[in-house]
Amino acid sequence: MDGSEPTIHSPLYSGTIKLTQSTHIKTQTFDSNGNPVGFTNEARFNKVNKVEYPSWYSTLLAGKYTGSQKKEATKAIKMMVNGALMVNIADDPDLIDASGGYNTGCFIRSIDPLKGKAWLDAGLSETWIIQQVNNNDVHNTSELQDILQENVGKTIHIKAVRNYGQNIFKIKL
């Protein structure tokens with residue numbers, strides 16, 4: 001994490017890396033013989049004292065660029081739903097902006113490989129936004145939990161969106 005070129009003898013990282021200062025990270029994959037595979041990947045992270053949030057939504061409503069919003073960062077409440085850690089997308093303005101403007105549904109943060117096997121078997125993964133179950137709109141995680149509870153033992157169809165596209169996933173509960 002010092003910006004030097006990685007070698008087969010560099011420390012191996014597998015998990016979260018907490019950064020407290022500006023950092024230059026380089027990574028490299030190696031095969032079983034210790035030979036580099038592909039190119040070195042690198043990223044620079046710059047620590048900032050103040051975070052500003054530009055908002056496409058307020059700009060859209062005003063019909064002109066309105067500048068950044070100065071605010072304290074808030075964390076949306078996360079809820080585990082059948083092995084998937086989800087967030088109400090409407091509770092996190094950054095997710096609304098990052099998802100292309102979807103403002104309802106349940107954003108999948110992560111899925112436990114064991115408890116969330118049904119999601120994974122259906123093809124769902126992190127960053128999908130669940131918007132409908134069996135053609136019924138899902139606005140938040142509480143609604144999703146209620147619908148799933150009503151359909152235990154049944155096969156359901158979930159409409160989810162990501163990257164300006166959508167897909168229908170079939171899940172057996």
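User: What does the accessible surface of the protein chain come to, and what share of it belongs to carbon and sulfur atoms?

Analyst: This is a predicted model, in which local features need pLDDT of at least 70 and side-chain atom pairs count only at pLDDT 80 or more, whereas totals for chains, interfaces and linings use all residues. Residues are numbered from 1 along each chain as its sequence is written, and side-chain values use heavy atoms, with hydrogens and water left out. By the Shrake-Rupley method with a 1.4 Å probe, where for residues only the protein chains shown count as cover, the accessible surface of the protein chain is about 11800 Å², and the share of carbon and sulfur atoms is 50%.

User: Which residue meets K26 in a salt bridge?

Analyst: A salt bridge is a side-chain nitrogen of Lys or Arg within 4 Å of a carboxyl oxygen of Asp or Glu, and a search of the whole structure finds two of them. For K26 the N to O distance is 3.4 Å. K26 lies in strand β1 (residues 23-30) and its partner in the segment before β1, so the pair ties together parts that are 21 residues apart in sequence; strands (E, at least two residues) and helices (H or I, at least four) are DSSP runs, numbered from the N terminus. The partner of K26 is E5.

User: Is D121, which forms a salt bridge with K117, buried or exposed?

Analyst: The closest N and O atoms of D121 and K117 are 2.9 Å apart, and the two residues, four apart in helix α3 (residues 117-122), are separated by about one helical turn. Buried means under 20% relative accessible area, exposed over 50%, and partly exposed in between (1.4 Å probe, protein chains only). K117, at 45%, counts as partly exposed, while D121, at 58%, is exposed.

User: Which residues touch the most other members of the largest nonpolar core?

Analyst: A nonpolar core is a set of buried Ala, Val, Leu, Ile, Met, Phe, Trp, Tyr and Cys residues joined through side-chain atoms within 4.5 Å. The largest has 20 residues, and the elements that give two or more residues to this core include β6 (84-88), α4 (141-150) and β11 (165-172). Apart from it lies another core of nine residues, among them A76 and F107. In the largest core, the residues that touch the most other members are M86, W119, L124, I130, V133 and L144.
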